[in-house]
Amino acid sequence: MALITFSLLYLGFSIYHSLEQQSAFSLVLCIVSISSLTITILQAKGFPKEDLGSLMNKLKVDNNTIWIGDYQLPDTVRKVVIGRMDIQGPAYLQLAWNQGHQWIFQLDELQQVRHFFRQHAPQIEILNE
């Protein structure tokens with residue numbers, strides 16, 4: 001956190017100096033610095049949990065058919081991919097074919113989703129990513 005604060009202060013002084021000097025090179029350098037800092041902060045924070053829905057609340061079984069929200073899993077589904085987008089999350093479920101449907105959900109539900117498919121659809125192979 002101290003590094004981010006220092007970087008923001010340095011960036012503020014750099015922008016002020018470049019505007020005062022009317023230097024195009026300094027202004028471009030500041031814009032690149034702002035972009036880099038923003039990307040670093042976003043990567044450190046990860047995907048906002050409040051933007052992710054609960055996949056477990058959407059999964060249900062009705063007449064031996066699995067539903068994800070209002071999407072009925074076709075009987076032809078034989079594989080699903082379940083994994084993480086990156087080490088900090090979020091997690092995802094994807095139907096294992098090109099252009100397959102994908103659902104992104106909270107990382108802490110990953111094991112529950114795997115268990116749901118093992119319990120209610122043992123015929124579907126789970127590919128772990």
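Predicted model: local features only at pLDDT ≥ 70, side-chain atom pairs only at ≥ 80, totals over all residues.
**Strand 5 and its sheet**

Strand 4, residues 79-84, and strand 5 pair in the antiparallel sense, over 5 bridges. The two strands form a hairpin with 6 residues between them, and in that hairpin Gly89 takes a positive phi near 100°.

Now the other neighbour of strand 5. Strand 6 covers residues 102-105 and pairs with strand 5 over 4 bridges, in the antiparallel sense. Here Tyr92 turns up again, standing opposite Ile104 in strand 6.

For those new to the topic, strands of a sheet are held in pairs through backbone hydrogen bonds, and the pairing can be parallel or antiparallel.

So what is the order of the strands in the open sheet? The order is 6-5-4-7, with 4 strands and mixed pairing. Strand 6 and strand 7, residues 125-128, are the edge strands, and each pairs on one side only. On average, neighbouring strands of this sheet are turned by 20° against each other, direction ignored.

A helix packs on this sheet as well. Helix 4, residues 110-120, touches strand 4, strand 5, strand 6 and strand 7. The direction of helix 4 makes about 165° with that of strand 4.

Last point: why is strand 5 described as largely enclosed by the rest of the structure? Because 4 of the 5 residues in strand 5, residues 91-95, are buried. Buried here means under 20% relative accessible area.

How values were computed: Residues numbered from 1 in each chain as written. Heavy atoms only, no water. Buried < 20%, exposed > 50% of the residue type's maximum accessible area, 1.4 Å probe, protein only. Pairing = 2+ DSSP bridges. Axes fitted to C-alpha atoms, helices over the stretch in contact; angles between N-to-C directions. Contact = heavy atoms within 4.5 Å.
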